[in-house]
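This report goes through selected features of one protein chain.

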Amino acid sequence: MKRKRGLAESDTVPRSKPKEYSEDPSGTRRKNVASIEDINPDIGMMDNRLLADYVAQRTKRFGEDLSLVELEDMHIPERAIVDTSGWNRERQTTNLPDFLTRFAQFDARSTDLSLAPMQPGSPHTLVLTGAALRAAELSRVLRKFQKKDATVAKLFAKHIKLQDATAFVKKTRINIGVGTPSRIIDLIAEGALRLETLERVVIDCSFLDRKKRNIFDMKETQQPLMQLLNKDSFKLRYTTTESPIKLIFY
């Protein structure tokens, strides 16, 4: 729309904001996630070495009571991290399936994302995020990989009792589990979530909440995340060549 001659800059009609909601063919209103997401682009520019340093800095920041030896013991080796700095698209929620399709197959032994191990409660992929609502958003877009015998499972505490979650996980073939570190720690402790077939852990760290914080910026999310990533069942497989676990930062 052309501006009328003689109008001051302050008199111009402001550009309309992207619609926060849209309607599908059935008339149902849905949030346009991409139009309201806030993303930290710096994460996507870091290679595996820089990401390892970034994680170490955040661990030191919130680990003021830890000794140098303890901090070093919590260090995530850079060889455990997949270098995704070559991804040239925004790390919006809607782009996560394509991102995983590109980076999840890091060797010939990697399991197809749409297939689930035969053992119930044994995902090949875990997606970790800082809040239940965010986990619900991610699980919706990852349903692309859900099949009849391969469930994309929601693994978070909001509105789901641990007892119910445990029973569900123990009887369900899961290919991808999406949840918060605290709930996943609880499910492992209950013996519901098994890690023998785990190949990759995806960390949702580009996404920023309303206060411009990601999962590493808050003590209440960073500490459970590091507690989970430093479990022996994870750490011992970061550098092995047999059944390794890879970390993928989104």
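The sections below describe a predicted model, taking a sheet, a helix and a loop residue in turn.

## The sheet

Five strands form an open sheet in the order β5-β6-β4-β7-β9, and their pairing is parallel. The edges are formed by β5 (151-155) and β9 (246-249), each of which pairs on one side only. From one strand to the next, the twist averages 20°.

Strand β7 covers residues 200-203 and pairs with β9 in the parallel sense over four bridges. Within this pairing, I203 has F249 in β9 as its bridge partner.

## Helix α7

Helix α7 spans residues 162-171, and its residues A165, T166 and V169 are buried. These residues lie on the same side of α7 because they cover an arc of only 100° around the axis. The face turned away from this buried side carries Q163 and K171, which are exposed.

The buried residues of α7 pack against two strands, β5 and β6 (174-179), and against helix α8 (181-189). Strand β5 is also an edge strand of the sheet.

## The loop residue M46

M46 sits in the loop between α2 (42-45) and α3 (48-62). Its relative accessibility is 16%, so M46 counts as buried, the cut-off being under 20%.

Leaving aside residues up to four places away in sequence, M46 touches L51, Y54, D83 and S85. T84 is 38 residues from M46 along the chain, and the C-alpha atoms of the two are separated by 8.0 Å.

Terms used. Residues numbered from 1 in each chain as written. Predicted model: local features only at pLDDT ≥ 70, side-chain atom pairs only at ≥ 80, totals over all residues. Heavy atoms only, no water. Pairing = 2+ DSSP bridges. Axes fitted to C-alpha atoms, helices over the stretch in contact; angles between N-to-C directions. Buried < 20%, exposed > 50% of the residue type's maximum accessible area, 1.4 Å probe, protein only. Arc of directions from axis to C-beta. Contact = heavy atoms within 4.5 Å.
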